[in-house]
Amino acid sequence: ARPKKRFLGIVKEPRPNLKKDNIKNSFNIPFDLISENGNLKNLEKLEIIFKKKNNLKFRNNIICYCGSGITACNIIFTLNILGYKKVQLYDGSWAEWGKIK
């Protein structure tokens with residue numbers, strides 16, 4: 001749940017001492033879950049984002065992360081609404097994983 005250009009390593013991270021990259025084998029679902037009226041998008045649109053576009057399966061263990069562990073909670077909330085049960089938060093998120101050593 002990171003901005004696309006940061007996830008792809010195209011732009012510099014706003015936090016100091018973080019590399020430009022992503023966690024290997026991860027894929028990005030930018031926080032695009034809210035409709036124009038400010039509500040969560042309807043279930044059909046959400047299913048397209050998660051199931052059809054990214055081929056998520058109910059049996060998969062899903063670990064969500066973002067820049068700092070906050071925005072990923074919105075992804076977790078939405079996945080729960082869609083019926084996913086094996087969902088966890090990596091609360092260190094990119095702020096921890098992406099530290100330059």
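Q: Is Y90 buried or exposed, and how do I read that?
A: Go by relative accessible area: under 20% is buried, over 50% exposed, and in between partly exposed, using a 1.4 Å probe and protein chains only. Y90 has 17% relative accessibility, so it counts as buried. Bear in mind that this is a predicted model, where local features need pLDDT of at least 70, side-chain atom pairs count only at pLDDT 80 or more, and totals for chains, interfaces and linings use all residues. Side-chain values use heavy atoms, with hydrogens and water left out, and residues are numbered from 1 along each chain as its sequence is written.

Q: How many aromatic pairs does a search of the whole structure find?
A: Rings of Phe, Tyr and Trp (its six-membered ring) pair if their centres lie within 6.5 Å; planes under 30 degrees apart are stacked, over 60 edge-to-face, and the rest tilted. Here the search turns up one pair. That's Y90 with W97, edge-to-face, at 6.1 Å centre to centre and 85 degrees between the planes.

Q: And how accessible is W97?
A: W97 is partly exposed, at 42% relative accessible area, while its partner Y90 is buried.

Q: What about backbone angles: what is phi of N17?
A: It's near 65 degrees, a positive value in a residue other than glycine. N17 sits in the loop between α1 (4-7) and α2 (43-52); helices are DSSP runs of H or I, at least four residues, numbered from the N terminus. N17 is exposed, at 59%.

Q: Where is N25, and what is its phi?
A: N25 lies in the loop between α1 and α2, with a positive phi near 70 degrees. At 73% relative accessibility, N25 is exposed.

Definitions and conventions
Helix = DSSP H or I, 4+ residues; strand = E, 2+ residues; numbered from the N terminus.
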